[in-house]
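Here is a walk through a two-chain model, from the fold of each chain to the place where they touch. Keep the structure open while you read.

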Amino acid sequence: METFVQSLVNGVLTGSLYAMIGVGLTIIFGVMRIINMAHGDMVMLGMYGAFWAFTLWRIDPFLSIVVWVPAAFLGGMIVFRFLLKKIVPAGELNTLLYTAGLSLFLANLALLTWSGDYRTIKLPYALMPLRPMGIAVPIPLAVAFGMAILITALLYWFLSRTPTGRALRATAQEPEAAALMGINVGYMNVLTFGLGTALACGAGVLLAPSLYLYPTVGQILVAKCFVIVVLGGLGSVPGAIAGGILLGVVESFGAVYVSVPYKDAIGFIIFLLVLLFKPSGLFGVGKS
Amino acid sequence: MKKLLVVAAFFVLALAPWMVRDPFFIHLMIEVLVWTVLGASWNILGGFAGQVSFGHAAFMGTGAYTTMILYLDLGVPPWYGILLGGLAASLISLPIGFICFRLRGPYFALSTLAVAEIIRLVALNWESLTAGPVGLLITTLPPVTFRGESLNWESKIPFFYIVLVIAMGALGATQFLARSRLGAYLLALRDDIDSAEAIGINTVQARVAGLFLSAFLAGVAGGFYAWYLRYIDPDSVFSIALSVEMVFIAVVGGLTTVAGPLVGAVFLVSVAETFREHFLVGHLIFYGLFMMIAIRFMPEGIWGRLRLKRRIGS
């Protein structure tokens, strides 16, 4: 029973961060139908941002996120405006190939500048986990969990309550109709890409103290992201949140009850099954 | 005229090891030709059939592991091994095809990525067969006499001629496919899958057949790669990066053209390998960069653009 609760807790904690990355990918897909293969590399950049802020200036990752998220938001908007904007009308497969190129470019740029070494952030308060009711909860992961929930909730509030958020959702539903209602679709696209990038990068900063970081970590993360958003239905924000938590829990249970080496394979098998039998996602809300 | 040009090009290539004796240059040409085969393999599915796969490393890895395991455990010499490796890759392509071809466009691409990752994880963890992350190593290759002289496996030159033959075979197969009934089916379903169905093409069968051929070529190339390097581990033959490299070589060279993969490989591999000689890491940065430039400014690829220009000029 204790193992069960322990792996459930671990799964939900990691899952919250997966959810945050997945939400970023899904809003970008929902609004512009871009399958962003470079999304994992945005997470990687966030992780390195946290690492360098900590190593060079001793700034705690949970503080430096205040700088990195707005920076990623701006960076994402610039990348979209100058690199991606002209590609989007060429169709989903072309953007897929283009962002795959962008991903390889970013990962190798990181490899060149920061080398391929595995790095870790050793926080002084990470040594002893909290032990509420006999369950071990690593402090950095718990803080990351709290902040991920806060950020995701803020985004949810933005999308559902503010006029800009509503305009953004309208663009996702029907870009032409949205344009006719006076929404600046071009601006919404730039904004969405910035938001998606900021979420990925922010999740990277939060994950950095709990994972090894290396330049090609994005490849593995982006594959997981696709599992998450397809589980929840491509384009659906609540779906991505549920998919993220679900994948975290499945991986965690898989590692305990099936086998550690195959825990990543379980996610991919579920992914294939969902794609084949329920392509609109487990909750039937995505656009296929 | 055109045929003469092709024959002349291969003639020059065949003589190249005598003209330049620098081992790096010969290694570079072997790499170029291996990637030509891999690019040609991807081009059959991604170019002719228009099915963008991000999982072709699965076939390359299967070919490589089959060749290695057959040689190390059963003593099957690698020159038969690479053909069996290609066949093994073709065989695993059948279930993959039947699963993934139910999906279209980007969903197909994502599903191939997932399948390839599952296969990589199996190769990584099935330690009794693949030795897991440790990898497999060939210490000695079987002796061969060729025209009364025993071949020197320490030299790169025999490998160069073997891969030259494989690459000619791969491009020949593409040329043959381009003029065959299957090739016409694939082009038709690439342009409009529903119309192709409507005029009576069994599109699943055609795509599975295309994938079968494509997987065979990737498997042979993987087998050759294992034989040439004499060492493989799951990351060196099954990684996502390899699948992506194949895509980039075919796209940058020119999709749906016969010579495109050769042009793409000559261009990308020589730039990247020269860079690797000096900086050791990060050589794939050019793949990413040129891919972005190609999609943005010439989606028909280098060879496609040259052909287009010539047609307009004449």
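## Chain A: the fold

In chain A, 77% of the contacts between residues at least 6 apart in sequence join residues at least 24 apart. Bear in mind that this is a predicted model.

What is chain A built from?

## A closer look at one helix

Take helix α6 of chain A, residues 163-173, where A:L168, A:T171 and A:A172 are buried. Looking down the axis of α6(A), you find its buried residues within an arc of 100 degrees, so they line one face of the helix. On the other side of α6(A) sit A:P163 and A:Q173, and these are exposed.

What do the buried residues of α6(A) pack against? Their partners are α1 (2-32), α5 (139-161), α7 (175-180) and α8 (185-207), which belong to chain A too.

## Chain B: the fold

Chain B has 15 helices and four strands. For its 314 residues, a compact globule would have a radius of gyration near 20 Å, and the 19 Å of chain B agrees with that. The box filled by the C-alpha atoms of chain B is roughly 55 × 50 × 40 Å, taken along the principal axes.

If you take the contacts in chain B with a separation of 6 or more, residues 24 or more positions apart account for 76% of them.

In soluble globular proteins, nonpolar side chains tend to be buried together. Here the largest nonpolar core has 198 residues, and the members that touch the most others are A:I21, A:M47, B:V37, B:A221 and B:M291. The largest share of this core comes from α1(A), with 14 residues.

Which residues does B:V37 touch, leaving aside those up to four places away in sequence? The list is B:I166, B:A167, B:A170, B:L217, B:V220 and B:A221.

## Where the chains meet

Across the interface, 32 residues of chain A are in contact with 35 residues of chain B. On the chain A side, the elements giving two or more residues are α4 (92-114), α9 (217-232) and α11 (263-277). Which of them gives the most? That is α4(A), with 15 residues.

The side of chain A that touches chain B divides into 24 nonpolar, five polar and three charged residues.

The model scores ipTM 0.85 and pTM 0.89. For chain B the mean pLDDT is 87, with 97% of the residues at 70 or more.

Among the elements of chain B, helix α10 (residues 203-229) has the highest mean pLDDT, 94. Strand β3 of chain B, residues 149-150, has the lowest, 70. Where pLDDT is low, the predicted coordinates should not be read in detail.

Note on methods:
Residues numbered from 1 in each chain as written. Chains lettered and ligands numbered in written order. Predicted model: local features only at pLDDT ≥ 70, side-chain atom pairs only at ≥ 80, totals over all residues. Contact = placed C-beta atoms within 7 Å. Nonpolar A, V, L, I, M, F, W, Y, C, P; charged D, E, K, R; others polar. Rg over C-alpha atoms; globule rule 2.2 N^0.38 Å. Buried ≥ 20, exposed ≤ 12 C-beta atoms within 10 Å, placed from the backbone. Arc of directions from axis to C-beta. Core = buried A, V, L, I, M, F, W, Y, C linked by C-beta atoms within 7 Å. pLDDT = per-residue confidence, 0-100.
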